[in-house]
Amino acid sequence: MNQQLNLVTLGVEDLKVSRQFYSHGLGWTPLLDLDEIVFYQIGKGLALALFPLADLGADTGHSATVGTSFTLAQNLDSPTEVDEALQRARAAGATVLKEPQRAAFGGYHGYFADPDGHRWEVCHNPGWSVADDGTVTLTAVEAADAED
């Protein structure tokens with residue numbers, strides 16, 4: 001099996017509410033918006049789908065429940081962008097779980113939950129970079145490096 005991820009599907013209680021949150025609240029543009037599912041391009045070769053929770057359970061053949069055992073994350077270019085992203089999420093109806101602040105890893109971050117409780121980290125990690133081909137590079141960050 002190839003070491004890759006192309007689609008993250010979030011099971012949502014109310015597709016209309018989630019569509020409103022992501023498309024209008026966060027300002028994301030759907031890649032494909034159908035009555036029963038919405039897809040967003042979120043990276044090179046990576047899409048996010050919103051799919052009704054009951055339909056996700058039927059599709060997998062096992063009940064699906066909304067969970068909080070993982071987070072989705074977005075790395076931004078500056079602490080100011082982190083602040084702005086969390087403000088926009090809050091205005092869209094997100095629950096801010098952690099206000100933006102310096103992080104133990106030397107960067108700056110905060111967390112919010114979407115209408116179904118899916119947890120998003122909005123982060124500025126100066127040790128994180130993405131090459132033109134999509135390759136991620138991670139390096140340790142000293143606290144002094146994070147002060148930008």
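The model is predicted, so local features need pLDDT of at least 70 and side-chain atom pairs count only at pLDDT 80 or more, while totals for chains, interfaces and linings use all residues. Residues are numbered from 1 along each chain as its sequence is written, and side-chain values use heavy atoms, with hydrogens and water left out.

**Stop 1**

Select Val136, which sits in strand β10. Strands are DSSP runs of E of at least two residues, helices are runs of H or I of at least four, and both are numbered from the N terminus. Val136 has a relative accessible area of 42%, and is therefore partly exposed.

**Stop 2: Thr9**

Select Thr9 in strand β1 (residues 7-12). Its relative accessibility is 33%, so Thr9 counts as partly exposed. Which residues does Thr9 contact, leaving aside neighbours within four places in sequence? They are Ala49, Phe51 and Leu56, where contact means heavy atoms within 4.5 Å. For a distance check, pick the C-alpha atoms of Thr9 and Ile42: they are 12 Å apart in space, and the two residues are 33 apart in sequence.

**Stop 3: helix α1**

Select α1 (residues 15-25). Its buried residues are Leu15, Ser18, Arg19, Phe21, Tyr22, Ser23 and Gly25. Just past the helix, Gly27 has a positive phi of about 80 degrees.

**Stop 4: the aromatic pairs**

The whole structure holds 8 aromatic pairs. Rings of Phe, Tyr and Trp (its six-membered ring) pair if their centres lie within 6.5 Å; planes under 30 degrees apart are stacked, over 60 edge-to-face, and the rest tilted. Show Phe21 and Phe112: their ring centres are 6.3 Å apart and their planes are at 55 degrees, so this pair is tilted. Phe21 is in helix α1 and Phe112 in strand β7, 91 residues apart, so to speak a link between distant parts of the chain. Phe21 is buried, at 1% relative accessible area, and Phe112 is buried too, at 5%.Next show Tyr22 and Trp120, a tilted pair with 6.3 Å from centre to centre and 55 degrees between the planes. Tyr22 belongs to helix α1 and Trp120 to strand β8, and this pair also links distant parts of the chain, 98 residues apart. Both residues are buried. To see the cluster linked by ring pairs, select Phe21, Tyr22, Trp28, Tyr40, Phe112 and Trp120 together.

**Stop 5: His118**

Move to His118, in the loop between β7 (108-113) and β8 (119-124). Is His118 buried or exposed? It is buried, with a relative accessible area of 4%. The His118 side chain reaches the backbone oxygen of Gly11 at 3.0 Å. This is a polar contact: a pair of N or O atoms within 3.5 Å, where within protein one must be able to donate a hydrogen and the other to accept it, and residues adjacent in sequence count only if both atoms are side-chain atoms. Not counting residues up to four places away in sequence, His118 touches Leu10, Gly11, Val12, Val66, Gly67, Phe70, Phe112 and Ala113.

**Stop 6: the salt bridges**

How many salt bridges does a search of the whole structure find? There are 2, each being a side-chain nitrogen of Lys or Arg within 4 Å of a carboxyl oxygen of Asp or Glu.

- Select Arg19 and Asp33: their closest N and O atoms are 2.8 Å apart. Arg19 is in helix α1 and Asp33 in strand β2 (residues 30-33), 14 residues apart. Arg19 counts as buried at 19% relative accessibility, whereas Asp33 is partly exposed at 39%.
- Select Glu99 and Arg90: here the closest N and O atoms are 2.4 Å apart. Glu99 is partly exposed at 41% relative accessibility, and Arg90 is partly exposed at 38%.

Methods
Buried < 20%, exposed > 50% of the residue type's maximum accessible area, 1.4 Å probe, protein only.
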